[in-house]
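Here is a walk through one protein chain, from its overall make-up to a single residue. Please look at the sequence and the model first.

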Amino acid sequence: MPTDDTKVQKKKAVALLSGGLDSNLAVRIMREQGVEVEAVSIKTPFCDFDCGRGCGHNLKEVASDLGIKLKTIYLGEEYLKMVMKPKYGYGSGMNPCIDCRAMMYKSAKTHMDEIGADFLITGEVLSQRPMSQNKRALQLIEQSAAMEGKVVRPLSARNLPSSDPEKSGLIKREELYSISGRSRKEQLKLAKRYGIFDPPNAAGGCSLTDKSFSNRLKDLITNGDLNPTLNDVELLKVGRHFRLSSTVKLIVGRNEEENEIVTGLAIANDLLLESIQYKGPVGMIRGNNLGPVLDTAAAVVNRYSDAPRGCASPVSVYMGTRDLQSINSIPCDDSLLDKLRI
Ligand code: SF4
């Protein structure tokens, strides 16, 4: 029977795991201090997993290597609402990193409460990401998530104010790191020390940091769609996008796989277009007041088909399995494509 003096204080934490190197290292550093860790990974409509500079495609393998339990949380509609109106604004694209991280912290906190964890671990590195990983932003994120003092960032902790578990002596600050900046030199050294011989490359942010994706999202907002659905977001990820009028968009698949995705995403009132005689893409028109722009849509769809330039050929317009009409159309000029492209 251990006496009070010999009793080891139980320490439990939840880690935001991304599958990237930084969060993997963060977990290992904390486990060296005897912390029992469970992991949470966050999926959003724009990013498969918590982006802390990693990519979630091998997340299960990382959790299994670490021998820790993993819970995946999906943030859907509520995340989309936040993206349309983030309290702390956007980064270089449509990435609302501060609000996003705050939502991720809140989700992790729910799991912390469920399992009785003392604190949250993240792989965040000071100054690695311009918007969300500077001191002020990290503080704001903690405040927004009502997590002040409850977040330990083992890779950068000694560059940051002491967290509650450091202050209370639950974990040792002197055994944490003071890494900062975008170089991965220190992390690669640590990876070697922990026997991670094939560390993943640093991943970029989610699709909201991507310029062309952001332009498509901005186009929706600019044209008055302030409540896009998850289906709208999925559609933003595929095909070539054209703005035909303030109320109508055309999406044209770039290959067979995208044609299938575009077709699969069609909902009531979406029109599909395809060349009848020639091999070519599927186009989808989404919006209201379609009539005036149907001919333009047919000409764009024909332009990407094998239809000979300068010659008219029929384009089928259908809705689900219902044929609506056929439009005889000449493939449009590239100058029109440039003008309409989002
Ligand atoms: S890049 Fe920013 S918005 Fe995107 S998942 Fe990462 S923190 Fe969130």
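In what order do the 5 strands of the open sheet lie? The order is S3-S2-S1-S4-S5, and the pairing is parallel. Strands here are DSSP runs of E of at least two residues, helices are runs of H or I of at least four, and both are numbered from the N terminus. Two strands pair if DSSP finds at least two bridges between them. Strand S3 (70-74) and strand S5 (151-152) are the edge strands, each pairing on one side only. Strand S4 (residues 119-121) pairs with S5 in the parallel sense over 2 bridges. Ile121 has Val152 in S5 as its bridge partner.

This is a predicted model, in which local features need pLDDT of at least 70 and side-chain atom pairs count only at pLDDT 80 or more, while totals for chains, interfaces and linings use all residues. Residues are numbered from 1 along each chain as its sequence is written.

The protein chain as a whole has 12 helices and 11 strands. Its C-alpha trace spans about 90 × 40 × 35 Å along the principal axes. Of the 342 residues in the protein chain, 42% are buried. A residue is buried if 20 or more other C-beta atoms, placed from the backbone, lie within 10 Å of its own.

Ile327 lies in strand S11 (residues 322-329). Ile327 counts as buried because 20 other C-beta atoms lie within 10 Å. Leaving aside neighbours within four places in sequence, Ile327 is in contact (C-beta atoms, placed from the backbone, within 7 Å) with Leu294, Asp295, Ala298, Pro314, Val315 and Val317.

Note on methods
A residue is buried if 20 or more other C-beta atoms lie within 10 Å of its own, exposed if 12 or fewer, and partly exposed in between; C-beta atoms are placed from the backbone. Two residues are in contact if their C-beta atoms, placed from the backbone, lie within 7 Å.
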